[in-house]
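Trainee: Hi, could we go through this model together? I'd like to start with a salt bridge and then move on to the sheet.

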Amino acid sequence: MELNQATNLAEKAVLIVDDMTSIRQFLRSILRENGCNKILEASNGVEALGIVKNNYIDMVVSDWNMPKMDGLELLQNIRDDEQIKETLFLMVTSESEKDSVVKAIQSTVDGYIVKPFAPVTVFKQVVDTFKKQRRYK
């Protein structure tokens, strides 16, 4: 899958948020293999929110179920902050119940991937989500 110049992953800063190190490493490897060089990581929503507030992040790729602050709370905190509300947010989760998907959509999630997932699924969703990026329209 090709990215156009406006969505070149090499120029994008992505924050991976998951309480499982193995999932963060897996997502990091998928992004790196596809040209993303600016990757930050957090193990929970509280840590992630601090990173987003103190660094320029194009996209957050976050798990839903985490300690301290879950992915939905992280998304809501980002959307409620005028300085960072335009940050793209991709939810990666095992939550596939319709009610959960509706909650995420109502909180203006930009993309949603249900675990388990294949690397190509993640890459396609990242590319599709970057195409929605409001800041660069």
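Mentor: Happy to. Arg28 and Glu41 form a salt bridge through their side chains, at 2.5 Å from N to O. This pair links distant parts of the chain, with Arg28 in helix H1 and Glu41 in strand E2, 13 residues apart. Helices (H or I, at least four residues) and strands (E, at least two) are DSSP runs, numbered from the N terminus.

Trainee: Before I go on, what kind of model is this, and how are residues numbered?

Mentor: This is a predicted model, where local features need pLDDT of at least 70, side-chain atom pairs count only at pLDDT 80 or more, and totals for chains, interfaces and linings use all residues. Residues are numbered from 1 along each chain as its sequence is written, and side-chain values use heavy atoms, with hydrogens and water left out.

Trainee: Thanks! What counts as a salt bridge, and how many are there?

Mentor: The rule asks for a side-chain nitrogen of Lys or Arg within 4 Å of a carboxyl oxygen of Asp or Glu. That gives a count of 8 salt bridges.

Trainee: Back to the pair, then. Is Arg28 buried, partly exposed or exposed?

Mentor: Arg28 is partly exposed, with a relative accessible area of 22%, and Glu41 is partly exposed too, at 24%. Buried means under 20% relative accessible area, exposed over 50%, and partly exposed in between (1.4 Å probe, protein chains only).

Trainee: Which residues does Lys115 bridge to?

Mentor: Lys115 meets Asp63 in a salt bridge of 3.3 Å, N to O. Here Lys115 sits in the loop between E5 and H5 and Asp63 in strand E3, 52 residues apart. Lys115 also meets Asp18, at 3.5 Å, N to O. Asp18 lies in the loop between E1 and H1, so this pair ties together parts that are 97 residues apart in sequence.

Trainee: And are those two Asp residues buried or exposed?

Mentor: Asp63 is buried, with a relative accessible area of 5%, and Asp18 counts as buried at 1%. Shared partners join Asp18, Asp63 and Lys115 into one network of salt bridges.

Trainee: Nice. Switching to the sheet: in what order do the strands come?

Mentor: There are 5 strands in an open sheet, in the order E2-E1-E3-E4-E5, with parallel pairing. Two strands pair if DSSP finds at least two bridges between them. E2 and strand E5 (111-114) are the edge strands, each pairing on one side only. From one strand to the next, the twist averages 20 degrees.

Trainee: What packs on that sheet?

Mentor: Helix H3 (residues 71-79) does, touching E1, E3 and strand E4 (88-93), and its direction makes about 175 degrees with that of E4. Helix H5 (residues 119-130) lies across E1, E3, E4 and E5, running at about 170 degrees to E5. Contact means heavy atoms within 4.5 Å. Axes are lines fitted to C-alpha atoms, for helices over the stretch in contact, and angles run from 0 to 180 degrees between N-to-C directions.

Trainee: Can you zoom in on E1? Which way do its side chains point?

Mentor: Ala13, Leu15 and Val17 point one way from E1, Val14 and Ile16 the other way, and all are buried. In a regular strand the side chains alternate between the two faces of the sheet.

Trainee: How many bridges join E1 to E2?

Mentor: 5 bridges join E1 to strand E2 (residues 38-42), and the two run parallel. Ala13 has Lys38 as its bridge partner in E2. On the E3 side, E1 has 4 bridges to strand E3 (residues 59-63), also parallel, and Leu15 stands opposite Val60 there.
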